[in-house]
Protein chains: 2
Amino acid sequence: MKLSKRMQAMQSSPIRRLVPYADEARARGVKIYGLNVGQPDIETPSVFMDAIRNTEIKVLAYANSKGDPELIKATSDYYKRIGLPYEPEDIIITNGGSEALMWAFVAVADVGEEILVPEPFYTNYRSFSAPYSVTLKPITTYAENGFALPSEDEIVAKINDKTRAIALSNPGNPTGVVYTREEVELIAKIAKEHDLFIIADEVYREFAYEGLKATSFGEMTDVLDRVIIVDSVSKRFSACGARIGSLATKNKELPEQLLKLGQGRLCAPTLEMIGSTALYKLDPSYFDPIRQRYEERRDVLCDGLAAIDGVVCMKPMGAFYAIAKLPVKNAEDFAKWMLTDYTDNNETVMVAPVEDFYQTLGMGVDEVRVAYVLKVEDLKRAVEILDKALKVYPDRV
Amino acid sequence: MKLSKRMQAMQSSPIRRLVPYADEARARGVKIYGLNVGQPDIETPSVFMDAIRNTEIKVLAYANSKGDPELIKATSDYYKRIGLPYEPEDIIITNGGSEALMWAFVAVADVGEEILVPEPFYTNYRSFSAPYSVTLKPITTYAENGFALPSEDEIVAKINDKTRAIALSNPGNPTGVVYTREEVELIAKIAKEHDLFIIADEVYREFAYEGLKATSFGEMTDVLDRVIIVDSVSKRFSACGARIGSLATKNKELPEQLLKLGQGRLCAPTLEMIGSTALYKLDPSYFDPIRQRYEERRDVLCDGLAAIDGVVCMKPMGAFYAIAKLPVKNAEDFAKWMLTDYTDNNETVMVAPVEDFYQTLGMGVDEVRVAYVLKVEDLKRAVEILDKALKVYPDRV
């Protein structure tokens with residue numbers, strides 16, 4: 001009586017692997033500044049709960065497997081406001097962006113087939129591919145040049161007859177990279193020439209800074225039949241617990257095929273779809289003060305980290321993550337030590353080691369991901385604590 | 001640019017395949033009595049919406065990947081009230097029973113491995129196994145003897161070195177069968193002797209009639225390490241749209257392994273978990289009048305159908321489905337004809353053909369599944385319409 005090999009081979013989330021040590025620290029009365037998870041502290045717009053509270057439900061019935069038609073309409077209207085061509089019939093509502101990614105992976109790849117992903121990548125991409133026995137193949141990108149994509153030749157060299165798609169997040173988690181229009185066009189060109197799908201995880205679309213606008217793959221008009229856009233209300237509207245995402249595509253076959261998966265699991269949660277409809281109806285100006293707040297936080301955190309002796313932190317242009325290279329032998333050991341051995345005035349900091357965000361062994365060993373989802377004074381204090389800690393850390397290099 | 005073979009090979013839900021014809025009929029002003037889906041008309045207990053309305057949420061954050069601890073506690077308390085030994089640490093909350101079944105399938109089976117399932121079975125079991133390239137192997141059961149399990153020898157003959165589990169629903173969908181304690185013990189014995197898991201879908205647990213109590217696999221004390229119990233609030237509390245289910249097991253490895261899948265998709269929907277906690281705290285007496293109502297409906301529908309010339313409908317002992325053999329060549333053709341060609345006083349009936357609930361080709365061709373989730377007067381009228389329709393149906397045998 002053995003569990004499946006693919007199940008046993010899956011890794012625990014590195015972001016959450018340190019949680020027991022954090023729990024123990026908290027039990028000792030230590031205050032922890034959590035830079036480790038991308039859980040925004042921004043208030044969920046009140047229209048979300050209002051819409052749910054005002055719903056009269058006698059029988060909480062199954063919703064449409066494609067999603068609540070009003071939410072689909074609101075999502076399509078949102079796309080049109082930002083110049084993307086997705087009609088209601090192009091959109092399926094999913095249990096978070098997570099389910100949308102899982103469906104995209106299994107829709108394009110059979111057992112043992114490959115999906116290219118720039119690394120470091122959101123580690124859960126592994127949880128979305130491994131159960132389907134789909135292989136992720138990394139395209140390594142480097143902190144030194146801002147996690148830009150490598151040359152066309154280097155990307156094409158990774159393609160073989162098992163390659164089915166390129167998946168990428170833009171703006172990127174965990175790097176905060178915002179791909180240039182040229183990079184987006186390069187991926188579109190490669191996908192076209194090598195007959196691949198593009199799985200575009202654009203859940204951080206609104207979070208680009210210094211006036212930059214992230215280029216959507218939905219703007220690549222001559223490859224729209226091979227583009228699958230993944231979205232979510234989680235980060236966009238600070239509604240992570242709603243578990244409402246979506247998948248949009250101009251591919252003619254996909255919506256009907258995906259509906260088979262949709263009908264299998266019946267529907268996304270009814271009430272959270274009602275709340276999410278209200279979110280997608282918000283005026284686009286909703287994002288302005290929030291984007292400004294994240295940008296300010298980014299500056300505080302990245303400038304602060306970069307000023308620490310031995311730390312390298314290039315300022316990312318999007319999402320709300322940054323990767324910092326630390327002057328330590330092993331970032332996971334350091335992250336653990338911060339929870340088990342170090343406090344400053346009974347406070348410490350929790351960071352996410354980046355090693356597991358890479359598929360290639362040996363990459364990212366001295367890197368951590370930090371999320372700037374805390375308020376400015378907390379970020380300043382976190383930087384101060386990290387600075388002091390690195391000064392006394394025994395395994396400093 | 002092809003979609004995956006496993007995706008294309010999946011079938012649309014037979015229950016939903018007829019929906020376009022129903023939509024057209026409704027557009028012509030025809031009233032349809034829907035016996036085709038298991039969407040109860042019972043009101044969702046008001047505590048569900050009350051609990052959600054009374055929740056003050058500033059930031060709708062990710063919930064625990066294992067599930068909201070209060071819901072887990074309430075689920076464990078529910079199990080203890082009915083004599084099952086599941087502690088909070090044995091339970092994971094899922095996106096409906098659907099996700100629990102998917103996880104169970106992928107947790108026990110690698111690519112190409114097999115899970116035995118008595119047929120006819122809930123067709124979505126296919127949607128839960130096919131994307132993981134897990135094979136379902138049918139154990140055929142027959143309407144003639146009330147869909148009882150075959151002999152030990154017949155079941156064991158289906159087992160080979162790829163077999164990893166036996167999955168079954170009890171009370172059963174689509175048959176309404178309630179397995180005897182001897183049948184449950186037989187499955188437990190076979191699982192033990194052949195080193196298999198038991199995936200026990202017990203979402204209809206409370207719906208057994210004439211004083212019968214469904215035996216849970218959680219009562220099979222000497223095989224508890226190989227039993228995986230799947231549950232859901234959907235049918236139990238008429239809260240299908242909540243998408244809250246659970247998976248419970250005494251296996252020591254499974255909860256930790258499944259948590260990897262749980263962390264991958266982050267969490268189940270927060271608000272719906274809060275509502276579901278209130279549901280699981282309801283007094284067990286909640287089920288008494290509902291069970292009585294379903295039993296009355298069962299009698300009206302099954303007695304009514306059995307009285308129609310040429311129809312065979314054995315009265316099922318559980319769930320809220322029955323299978324009826326019709327005097328027609330092909331039940332799907334008949335079901336479609338009812339929507340496209342037949343009306344009585346501008347009304348018709350929608351039924352679900354059973355053929356696709358069987359894996360074995362050629363089985364169930366003249367059978368339909370009917371759900372008794374409508375009120376008694378509607379069921380009586382539906383029987384009347386079916387009686388009249390069968391008298392004039394051109395492909396009657």
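## Overall form of chain A

The structure is a predicted model, in which local features need pLDDT of at least 70 and side-chain atom pairs count only at pLDDT 80 or more, while totals for chains, interfaces and linings use all residues. Residues are numbered from 1 along each chain as its sequence is written, and chains are lettered from A and ligands numbered from 1 in the order in which they are written.

The C-alpha trace of chain A spans about 60 × 55 × 55 Å along its principal axes. The chain contains 15 helices and 12 strands, which are DSSP runs numbered from the N terminus (helices: H or I, at least four residues; strands: E, at least two). Of the 397 residues, 55% count as buried; a residue is buried if 20 or more other C-beta atoms, placed from the backbone, lie within 10 Å of its own.

## Two domains of chain A

The domain assignment, whose bounds come from an automatic or database source, gives domain 1 (5-43 + 287-392) and domain 2 (46-285) in chain A. The C-alpha centres of these two domains lie 26 Å apart.

In chain A, 39 residues of domain 1 are in contact with 35 residues of domain 2; contact requires C-beta atoms, placed from the backbone, within 7 Å. On the domain 1 side, the elements giving two or more residues are α1 (5-9), α2 (14-17), α13 (287-306), β9 (321-325) and β12 (367-371) of chain A. The largest share, six residues, comes from α13(A).

## An enclosed strand in chain B

Strand β10 (residues 321-325) of chain B has five of its five residues buried, so it is largely enclosed by the rest of the structure. Both of its faces are covered: B:Y321, B:I323 and B:K325 are buried on one side, and B:A322 and B:A324 on the other.

Strands pair if DSSP finds at least two bridges between them. Two bridges join β10(B) to strand β9 (residues 312-313) of chain B, and these strands run antiparallel; here B:V312 stands opposite B:K325. Five bridges join β10(B) to strand β13 (residues 367-371) of chain B, also in an antiparallel arrangement, where B:V370 in β13(B) is the bridge partner of B:A322.

How values were computed
Buried ≥ 20, exposed ≤ 12 C-beta atoms within 10 Å, placed from the backbone. Contact = placed C-beta atoms within 7 Å.
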